[in-house]
Amino acid sequence: MIGQVTSGPGSRARADQIDAILGQESRRYTDGAVAGLPQAWAECDLIVSHLALGATTRILAPLLASKTTDPGVVVIDDAGRFVIPLVGGHGGGANDLASRIAAGLGATAVLTTATDAAGVPGLDTLGWRWTGDVAAVTRAILDGEPVAVRRSQPWPLPPLPATVSVLGPDDPEPTGLIARVLVTDQLTDPGSLPSVVLNPPSLVPGLGCNRGTSTTSLRRLLEQTLEQAGLALGSLAAITTVDAKADEAGLVQLAADLGVPLVTYPADQLATLEVPNPSDAPRVAVGTPSVAEASVLAHGATLLVEKQRTAEATCAIGRIPARGKLTVIGLGPGSRDLTTPRAQQAIRQASVVVGYRPYVAQVKDLLRPGVRIASTPMGKEEERTATAIQFAREGNNVALVCSGDPAIYAMASPTLEQGTEGIDIEIVPGVTASLAASAILGAPLGHDHATISLSDLHTDWDTILTRVRAAAEADLVTVLYNPRSRTRLHHLPDALAIFAAHRPPSTPVAVVEEADRPDQRVTLATLADFDPDVVNMNSLVVVGSSTTRYLPAGTGRTAMVTPRDYHWMER
């Protein structure tokens, strides 16, 4: 729950803006900050104070208890220019909230935590449960001291400085270590050095039980099973069971107490899975010979601990395989303000960035210290995608960057075609060149349209001509990607000749070169007078339909417009 403590009409209006930015309704405290801030402190996870920083600090100071339990507090100045996390920057979520609010308001987020200033990820911000001396280990990382991160499985890590060694389970530690980080779902002794233990959410206990089994009994069985196997309670990802137990009070409460979802599976699905210890009792009771073991397998986990039982319940433990992640990211047409916030965040989180050299250079300011870069020249798409997939399979968080939208003449399809088994994959959309060009020209894509690439590198020329002819005959506005190069000189004139056979000579044809970049250039013409020599590989050509027109659009500007209504000229 987010609470906002306001102090007048102006701050109430800004609180409404913040609700719109966050996409949720906050709880409001409008009866004065002296009463409102303590009330919000008791009731909310995050607080936005529309009060001076000093006043907010004085009111909240007596309430401070622990960084692990205090809510996050963000302060916004009266003019809405600065957003300042005061309390709970990392663990309380105030830094993230301040960044989101600042981005929406066009304000500046003033982040004073050392890791944010240095671009180093906070060990307590990874979304994993942790124990240990975060302050000492973080200080060692920031000071450039030798620190080791040992993973018992190849879970993806954020980018880390060069002084941090990432080790596998059996790799020897470098000499002279000052601190260590252990990434594991096993019970472990961190040793004498300042250490942090991170528990990735990898363990899945499957539980079956008699009707009415208490939460206490279930938790006792779960904890005993984990401890005997040397596994960490902090690494639980979910609790699984059969759907007949979806409303079992003890299971529901246990999942809530542990902060994990209760995931159920139909009995007929569980009954199809081979398990080491089937039983007649659950077959009679709920329709499957296995609940605990089968639900673990149904969740995609590997069985680590076979069924353990008491008189009331059964428990099995599985591990979700560690998987690297590959995010294919569209950067948009070139300008930073048309690179989406989701794309920028994914790049900041990546430990490896792969892409065509100019595109990697375009986002260098977003890269954190320690990021590995694998850039390739033009024409190496297959090599590029293979490299990105391999890095992900090695347990990295990989960003594969491309221009425009990754699914439109870009890297999404070749990545998926190569095969991405064993990794998680996400496609982050971008503003593709046709949308950028359309916005620059006005509204040429206001009605049905097609996009066709004139490059015959991956498609034979006869097929391309067939598609151009179909678009021309259908009277579709057509965006021509890859219209011309030093060696492909006849392609664009051939395509335009097909359009000219189906559309009047006055049909608008426009070129946008270097869209949304400093060297942007726009050429407006018609089919009758269009000169293909003005086009190069950095251009996009837009051929209008029979209803597309050039219209005045403000002082000295002409817009290319395709109306939604074919009969607009008759009105």
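The legends below describe close-up views of a predicted model. Local features need pLDDT of at least 70 and side-chain atom pairs count only at pLDDT 80 or more, while totals for chains, interfaces and linings use all residues. Residues are numbered from 1 along each chain as its sequence is written, and side-chain values use heavy atoms, with hydrogens and water left out.

**View 1. Helix 1 and helix 4 cross at roughly 105°.** The axes of helix 1 (residues 9-22) and helix 4 (residues 94-105) come within 10 Å, where helices (H or I, at least four residues) and strands (E, at least two) are DSSP runs numbered from the N terminus. Axes are lines fitted to C-alpha atoms, for helices over the stretch in contact, and angles run from 0 to 180 degrees between N-to-C directions. The angle makes helix 1 roughly perpendicular to helix 4; angles under 35 degrees count as roughly parallel, over 145 as roughly antiparallel, 65 to 115 as roughly perpendicular and the rest as oblique. On the helix 1 side R14, Q17, I18, I21 and L22 meet L97, R100, I101, G104 and L105 of helix 4, contact meaning heavy atoms within 4.5 Å. This contact has six nonpolar, two polar and two charged residues, with Ala, Val, Leu, Ile, Met, Phe, Trp, Tyr, Cys and Pro counted as nonpolar, Asp, Glu, Lys and Arg as charged, and the others, Gly among them, as polar.

**View 2. Helix 2 and helix 3 form a right-handed crossing.** The axes of helix 2 (residues 33-43) and helix 3 (residues 53-60) come within 10 Å and cross at roughly 60°, and the two helices are therefore oblique to each other. A crossing is left-handed if the near helix is turned anticlockwise from the far one by less than a right angle, and right-handed if clockwise. Helix 2 contributes A33, V34, L37, P38 and W41 to the contact, and helix 3 contributes T56, I59 and L60. By class, seven of these residues are nonpolar, one is polar and none is charged.

**View 3. Helix 7 packs against helix 8 at an angle of about 60°.** The axes of helix 7 (residues 215-229) and helix 8 (residues 249-258) are 8 Å apart, and the angle makes helix 7 oblique to helix 8. Their crossing is right-handed. From helix 7, T215, L218, R219 and L222 meet A249, G250, L251, Q253, L254, D257 and L258 of helix 8, a contact with six nonpolar, three polar and two charged residues.

**View 4. The lining of the largest cavity has ten nonpolar residues.** P121, L123, L126, V149, L157, P158, L160, V181, V183 and L198 line this cavity, and the lining has no polar and no charged residues.

**View 5. D475 and D516 have positive phi values.** Phi of D475 is near 60°, in a residue other than glycine, and D475 lies in the loop between helix 17 (461-473) and strand 24 (477-481). D516, likewise not a glycine, has a positive phi of about 60° and is placed in the loop between strand 25 (508-513) and strand 26 (521-526).

Notes
On a 1 Å grid over the protein atoms alone, a cavity is a set of points where a 1.4 Å probe fits but cannot get out, and a pocket is an open set with protein on both sides within 12 Å along at least five of seven lines; lining residues have an atom within 4 Å of a point.
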